[in-house]
Amino acid sequence: MPDVTCVGVLVADVIVRPVDRWPQPGGLILVDRVELHSGGLAHTTGVALAKLGVPTAVVGRVGADRLGAFLVDVLREHGIEVYVHQDAGTSTSATVVAVASGGDRSFLHMPGANARLVPEDVPETLLADSRLVHLGGYFLLPGLDGEPAAALLRRAKALGCGTSLDVAWDAHERWMSALAPCLRYVDVLFGNLDELACVTGRADPAEIAAELRALGAGTVVVKLGEAGAYVDDGTWRGRVPAFSVDVVDTTGAGDAFCAGFLTGYLAGWEAARSTRLGNAVGAMCVTAMGGSTGVGSLEEAQRFADTTPLRP
Ligand code: ADP
């Protein structure tokens, strides 16, 4: 029986480096590395939770293709319960990530099967059995948008299942209008500063969190990249600093952070301590290529947090 059911975005990432210029039409340039990684908010958070020792299920959609089989295999390899619909009518979502010599990244993204995920894909029994359902990549899931997602979260809560939601970037710029119906059913809301600033029209993490809590969210966590994260759960509010690490690849840091935070949250830790674990898992993530490669066990994450200096 899973503790956490992650529902949402599953993506195959093809990472190419270095890409300092694009070939002319019909041309070819040589690169040093082309790697296939699993990615997407629900996939990365799910794998990171499993690595931290949290029993996890993942719900999503892929195409009936090799990239989809790859994403499912990675979940299974980590002992995750898989509820992934292989949809023959579409292709697995994929992103080509071109990394420049200096580290800047450009993306070519195809939404594919994620766009067809619907609330009915989430088995009722899974909501009844899980301690928490996590929606990973809300703004990238048009089949859940607004009322359908609100109904799913409401159903989860009625069955005694906690809820969390990580927003992602809204390419359609609906922001608050799409999120508002869900807020009162969200126990923990995650987003990075840019995303939640667009949702609220505010720039200050404290004001952002206060507004989202006033609209119904339980705990609000604003991810601040190398500045760590700001958290407000109504009893404690403040910024928790990030750890000082050598950054290799920031892909998936936010998803790994969510896994760390939720691990503490489900253990009943107070908000600042859960955020510190989130920062540790996010920092472990950025030290390696790919979203969950650098993430270790809970014991390793705690040792990392105890031995790694904070960023000034
Ligand atoms: P997202 O990936 O959702 O945009 P962030 O970039 O804010 O989210 O990263 C999520 C978390 O990962 C941060 O809150 C922080 O804990 C950690 N993190 C990200 N970048 C760094 C960094 N350069 N150094 C240390 N920790 C980082």
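These legends go with close-up views of a predicted model.

**View 1. Helices H8 and H9 pack against each other.** Here we're looking at H8, residues 253-266, alongside H9, residues 271-286. The angle between them is about 145°, and their axes sit 7 Å apart. As for handedness, H8 passes H9 in a right-handed crossing.

**View 2. The contact of H8 with H9, residue by residue.** On the H8 side, the residues that meet H9 are Ala253, Ala256, Phe257, Gly260, Phe261, Thr263, Gly264 and Tyr265. H9 answers with Ala271, Ser274, Thr275, Leu277, Gly278, Asn279, Val281, Gly282, Cys285 and Val286. Sort the residues of this contact by class and you get ten nonpolar, eight polar and no charged.

**View 3. The shell around the ligand.** The ligand has 16 residues around it, and the closest are Asn192, Gly225, Gly228, Gly254 and Asn279. By class, that shell splits into eight nonpolar, six polar and two charged residues.

View 4. Gly228 works through its backbone instead, where an N or O atom lies 2.8 Å from an oxygen atom of the ligand. As for cover, the ligand taken alone exposes 550 Å², and the protein buries 85% of that.

**View 5. A cis peptide bond between Arg17 and Pro18.** Zoom in on the bond joining these two residues and you'll find omega at about -10°. Pro18 belongs to the loop between strand S2 (11-17) and strand S3 (33-39).

**View 6. Glu173 and its positive phi.** Glu173 isn't a glycine, yet its phi is positive, at about 55°. To find Glu173, look in the loop that runs between strand S9 (162-166) and helix H5 (176-183).

Terms used:
Residues numbered from 1 in each chain as written. Predicted model: local features only at pLDDT ≥ 70, side-chain atom pairs only at ≥ 80, totals over all residues. Heavy atoms only, no water. Axes fitted to C-alpha atoms, helices over the stretch in contact; angles between N-to-C directions. Helix = DSSP H or I, 4+ residues; strand = E, 2+ residues; numbered from the N terminus. Left-handed = near helix turned anticlockwise from the far one by under 90°. Contact = heavy atoms within 4.5 Å. Nonpolar A, V, L, I, M, F, W, Y, C, P; charged D, E, K, R; others polar. Near = heavy atom within 4 Å. Polar contact = N/O pair within 3.5 Å; in protein donor to acceptor, adjacent residues only side chain to side chain. Areas by Shrake-Rupley, 256 points an atom, 1.4 Å probe, with all protein chains shown as cover.
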